[in-house]
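Good morning, and thank you for coming.

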Amino acid sequence: VYALTDNTTNTFNPNAIYGQLNVSNSGLGGYQRAIRGYHNRTATPGNLGHSIGVEGVAIGQSQDGFGVRGVVYTNSTFQRAGGYFEAFTAGGTSQAWARVADASGTNRKITGTNAVSEVIPHPRHGRIILTAPEAPEYWYFDFGTVKMVNGRAHVDLDPILADIIVVNEEYPIRVFVTPVDMPDFKGVTVTNRTATGFDLVELGGGTSTGYLDYQIVVRPKTGYGEGRFPYASPPPPLKVEEDPARPLTKNRPREQGREIFYWPPDPQVFGYEALYRARMKEVMEPASPKQVPTSWK
């Protein structure tokens, strides 16, 4: 099937292909697809090409564009994401899955199995993988160098960082310090930790002058209240009532009703909600016969 729409007007944005599925009963389960792409090469030997179920190509020249866009509107928080991806072996064994723009109980950019990695094509070392560290909780890191004078130094947090973190008795600023080119340095202690900075004092009344490298670890406001090792909902097709007891962790913020902080949406923070809703209207409202030009039918 090949569909071509030639739009020459500036009053309407038609789709090249439009698929709409209306489900009007409450007893239908399974995957309910508005559009499905299915590529089947069966058991033909060889690895000459690429099998692609769905491909999106956007050629916008000087216009903003997205090759594929996934948007979801639902009140369910068990499995709610803008996109879901999974890779299987030919025999049907899952190797990796990921949800993107994921709000399945906890809000994340990406959740899934395996690690988050970057591929670097290096001319001397080949194509190498670097993998991001991961932790039971969400943390921010910052690094710097401060000059110690007569055994004392003070570090002010970047004011932007200070505005987006939580500092309290449960989550104090954690500081790791390394002296630079000071072989007789007696060691250092961190004192006067506040929400905006901290002091570094040489041990034993030392009076060294030199530089200290430091790393700080702080708790973001984003996701504050989630706790350690929060529960992750399963990949589809499992529904909430089908999730067995074994995968359920002790920390299930949504079920426990614990308050979690997430920053308000971008349009609300910066005051363009009306414009945003107007732009999203065509996504939220299906096309009707009155909206479709005669030349498009």
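What does the accessible surface of the protein come to, and what percentage of that surface belongs to carbon and sulfur atoms? The accessible surface is about 22300 Å², and 53% of it belongs to carbon and sulfur atoms; such areas come from the Shrake-Rupley method with a 1.4 Å probe.

Please note that this is a predicted model, in which local features need pLDDT of at least 70 and side-chain atom pairs count only at pLDDT 80 or more, while totals for chains, interfaces and linings use all residues. Residues are numbered from 1 along each chain as its sequence is written, and side-chain values use heavy atoms, with hydrogens and water left out.

Let us turn to the overall form. The protein has 4 helices and 12 strands, these being DSSP runs numbered from the N terminus (helices: H or I, at least four residues; strands: E, at least two). The radius of gyration, taken over C-alpha atoms, is 27 Å, well over the 19 Å that the globule rule gives for 297 residues, so the protein is more spread out than a compact globule. That rule is 2.2 Å times the number of residues to the power 0.38. Along the principal axes, the C-alpha atoms fill a box of roughly 85 × 55 × 50 Å. Of the 297 residues, 20% count as buried, meaning under 20% relative accessible area, whereas exposed means over 50% and partly exposed lies in between (1.4 Å probe, protein chains only).

I now come to the strands. Two strands pair if DSSP finds at least two bridges between them. Strand E1 (residues 81–88) and strand E2 (residues 94–102) run antiparallel and are joined by 7 bridges; Phe-85 has Ala-98 in E2 as its bridge partner. These two strands form a hairpin with 5 residues between them, and Gly-92 in the turn has a positive phi of about 95°. E2 also pairs with strand E3 (residues 108–112), in the antiparallel sense, over 4 bridges. Here Val-100 stands opposite Ile-110 in E3.

Finally, which residues have a positive phi although they are not glycines? Thr-42, in the segment before E1, has a phi of about 50° and is exposed at 62% relative accessibility. Asn-150 has a phi of about 55°, lies in the loop between strand E6 and strand E7, and is exposed, with a relative accessible area of 52%.
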